[in-house]
Amino acid sequence: MRNCFLHGRKDTDFLHWRWKPEQCDLPRFSPGNFLTALKGKTMAFIGDSISRNQMESLLCLLSTKETPIQTEKDKDDRCVTWEFRKHNFTLMALWSQFLVTATERLVNGSTTGGFNLHLDKIDKNWSEKLPLLDYAVFSDAPWFFRQNYLYYNDNLLGCVYCQTPDVKDLGPGLAIGMAFRAAFRTINNCANCRNITTVLRTYSPSQFENGTWDNGGSCNRTRPIGREEVDRGGPDLEYRRIQVEEIETARKETRRNGNKFEVLDVTEMMLMRPDGHPGVNWGNQWMKGYSDCIHWCLPGPIDVWNEILLELIKRQSQIELSSEETGL
């Protein structure tokens, strides 16, 4: 877990800023309300390490109400399952950095860091678990920014940042959109699934300054920036738009009345929180000196994602929970 204080962060001001939506109040997270609302349910966070970041935030928040038991973990600790047995609630993290099938590209037997993405073939790492789920929280993006080659029906469509002669560079946006489209269609076409509530957590921005992750980039801010300071000329909001467009299409294509599609929209609010990243305080012994300006400190601004998630669940389920449960 990315507890930045355990890895040397000293400032605490970043903990005291809180997102204030326009024209409404966002209640503080109530672990009791969350566990009551999801009693008897299973929720999975499906995606990359930022998806895991959110799951771990939720795990920490819920642990103040009930101590969970870890019941499953793969050998790489990428797919895990926790049970809150008093509330009969199961929480899962399912690793899938592309949502679709991907194989790492090799050159002369050595890995390249790039992948062959089959944009019409779903990653079974998560799709085989769908019949177990009541809630599926999807997110992905950073892995799409590598030198990847894009396939559909086993035919090469193009690439991302490959600079290969006779192969068209299509950019990451197309691949992101097609991967989410395939994922949402898989849910709509799942004949043996429960009535799944699918939540799209929108693009989470990386915020390196003065360089890239491997070229001196850092994130040393200790306070948020104002909305007027947000760079709207970059690709962050475009990636958000692509993701939202796909879930809106899935909502229109829903064939099973029980399926629901919701948006957990975090992009703009997190563009204002460059102070919330671990920076050099992330405890990676193999990459000392490099900054992590992609993930989020725990505790930290990422906790608000789960405050919003709870409100989405309450609204979607039309559950009115007693204020007596709040925080107890």
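Which cysteine does a disulfide join to Cys219? The legends below answer this and related points. This is a predicted model, where local features need pLDDT of at least 70, side-chain atom pairs count only at pLDDT 80 or more, and totals for chains, interfaces and linings use all residues. Residues are numbered from 1 along each chain as its sequence is written, and side-chain values use heavy atoms, with hydrogens and water left out.

**View 1. The disulfide of Cys219 and Cys293.** Cys219 is joined to Cys293, S to S 2.1 Å. A disulfide here is a pair of cysteine sulfur atoms within 2.5 Å. The link is left-handed, with -95° about the S-S bond. It connects distant parts of the chain: Cys219 sits in the loop between strand E10 (197-201) and H5, Cys293 in the loop between H6 and H7, 74 residues apart. Helices (H or I, at least four residues) and strands (E, at least two) are DSSP runs, numbered from the N terminus. Both cysteines are buried. Buried means under 20% relative accessible area, exposed over 50%, partly exposed in between (1.4 Å probe, protein chains only).

**View 2. The disulfide of Cys4 and Cys297.** The sulfur atoms of Cys4 and Cys297 lie 2.0 Å apart. Their S-S torsion is about -100°, so this disulfide is left-handed. Cys4 is in the segment before helix H1 (31-37), and Cys297 is in the loop between H6 and helix H7 (303-317), 293 residues apart. Cys4 is buried at 1% relative accessibility; Cys297 is buried at 0%.

**View 3. The disulfide of Cys159 and Cys162.** Here the sulfur atoms are 1.9 Å apart. The torsion is about -60°, so the link is left-handed. The structure holds 4 disulfides. With the bonded cysteines numbered in sequence order, the pairing is 1-8, 2-3, 4-5, 6-7. Cys60 is in no disulfide; the nearest cysteine sulfur, that of Cys4, is 12 Å away.

**View 4. The salt bridge of Glu246 and Arg181.** These side chains meet at 2.9 Å, N to O. Glu246 lies in helix H5 (residues 236-253) and Arg181 in helix H4 (residues 171-188), so the pair ties together parts 65 residues apart in sequence. A salt bridge is a side-chain nitrogen of Lys or Arg within 4 Å of a carboxyl oxygen of Asp or Glu. Glu246 is buried at 6%, whereas Arg181 is partly exposed at 32%.

**View 5. The salt bridge of Arg240 and Asp265.** Their closest N and O atoms are 2.7 Å apart. Arg240 is in helix H5, Asp265 in the loop between strand E11 (260-264) and helix H6 (267-271).
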